[in-house]
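Please read the sequence and the 3D structure below side by side.

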Amino acid sequence: MSLTLELNYEYTTSVGKLWSALTDSSKLAKWVANIHTGQGMDNDFKPVVGHRFQFRTQATEYWNGIIEGEVLIVEEPYRLSYTWESGEKHTVTWTLQDLGNGKVNLHLEQTGISNPQALAGAKYGWSKWCDELEKVLV
Amino acid sequence: MSENLRFRDVFDAIADPTRRQLMKLLTEAEEVPLHELTSQFEMGRTAVSKHLTILKEANLVVDRKVGRETRYRLNAAPLKEVQDWVAFYSKFWSINMMRLDQLLKEEEE
């Protein structure tokens, strides 16, 4: 049992260009960035099932700055999935949907977000629990 | 000072459904006496007390004695740690997906 993160973003572009931005190593380095420094992450990503890759950023006191992963699904140009490992092992899946009129929806799903300690014995959905958290924290 | 000392990991404390239920009940009122909390569960008073103690150790509830009665109140602040855990990834991708938007616009030009 774990949390799932889902995000959607609508881009004014073509499916082909968006796919290229998601799969081309040099393009990835331009937008997948360390959000604290704004620096793009060096990577050796390839859209090939089974390929293991790394994204690297500056190490800190708490983290070696390395995200590792393995490509799981490549369905050009609509679906891409890989593991995303830094401490925990998550799965990131991108789904592209052509909306027409030069718009493309990009859907991100990141699964496996958990804290093993926290989830021991948890019996109901964490997403639901997080909704509750939002209310409590307001 | 010792009152603020956290003995227990907040993730541990909320891992149990009974304790989450207790916290939910505590969100519904300013302060709730033990007997009112106990009446919501099939388990006995001692078992409920044990769960409250764990929440107290994680600084998620605060109790006080009023006469012979113990009243409990929620302290939500430590939950921020849990929220941050998910918020980190959410923020990471939201910011980077905006960067991607910028990149695609630049490519257009």
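Start in chain A, where strand β2 (residues 42-43) and strand β3 (residues 52-56) run antiparallel and are joined by two bridges. Strands here are DSSP E runs of at least two residues, helices are H or I runs of at least four, and both are numbered from the N terminus. Two strands count as paired if DSSP finds at least two bridges between them. A:N43 has A:F55 of β3(A) as its bridge partner. β3(A) also pairs with strand β4 (residues 66-75) of chain A, antiparallel and over five bridges. In that pairing, A:R52 stands opposite A:E70 of β4(A).

A word on conventions. This is a predicted model, in which local features need pLDDT of at least 70 and side-chain atom pairs count only at pLDDT 80 or more, while totals for chains, interfaces and linings use all residues. Residues are numbered from 1 along each chain as its sequence is written, and chains are lettered from A and ligands numbered from 1 in the order in which they are written.

Now turn to chain B. It holds five helices and three strands. Read from the N terminus, the order is α-α-β-α-α-β-β-α. Of the 109 residues in chain B, 24% are buried. Buried means that 20 or more other C-beta atoms lie within 10 Å of the residue's own; 12 or fewer means exposed, anything in between partly exposed, with C-beta atoms placed from the backbone. Take the contacts in chain B between residues at least 6 apart in sequence: 60% join residues at least 24 apart. A contact requires C-beta atoms, placed from the backbone, within 7 Å.

The strands of chain B form an open, three-stranded sheet in the order β1-β3-β2, with antiparallel pairing. β1 (32-33) and β2 of chain B are the edge strands, each pairing on one side only. β2(B) and β3(B) run antiparallel and are joined by six bridges. Across them, B:V61 stands opposite B:L74, and B:V62 stands opposite B:R73. The two strands form a hairpin with two residues between them, and B:G67 in the turn has a positive phi of about 65 degrees.

Next, helix α4 (residues 45-57) of chain B. Its 13 residues reach 18 Å from first C-alpha to last, close to the 18 Å expected at 1.5 Å a residue; the expected span is 1.5 Å times one less than the number of residues. Which residues of α4(B) are buried? They are B:V48, B:H51, B:L52, B:I54 and B:L55. These cover an arc of only 155 degrees around the axis, so they sit on the same side of α4(B). The arc is taken from the directions from the helix axis to the C-beta atoms. Their cover includes α1 (10-13), α2 (17-27), α3 (34-38), β2 (61-66) and β3 (69-74) of chain B. Just after α4(B), B:N59 takes a positive phi of about 65 degrees.

Finally, α2(B). Its axis and that of α4(B) come within 10 Å and cross at roughly 75 degrees. Axes are lines fitted to C-alpha atoms, for helices over the stretch in contact, and angles run from 0 to 180 degrees between N-to-C directions. The two helices are therefore roughly perpendicular, the class for 65 to 115 degrees; under 35 is roughly parallel, over 145 roughly antiparallel, and the rest oblique. B:T18, B:R19, B:L22 and B:M23 of α2(B) make the contact with B:H51, B:L52, B:I54 and B:L55 of α4(B). α2(B) also lies across β1, β2 and β3 of chain B, at about 90 degrees to β3(B).

Key
Two residues are in contact if their C-beta atoms, placed from the backbone, lie within 7 Å.
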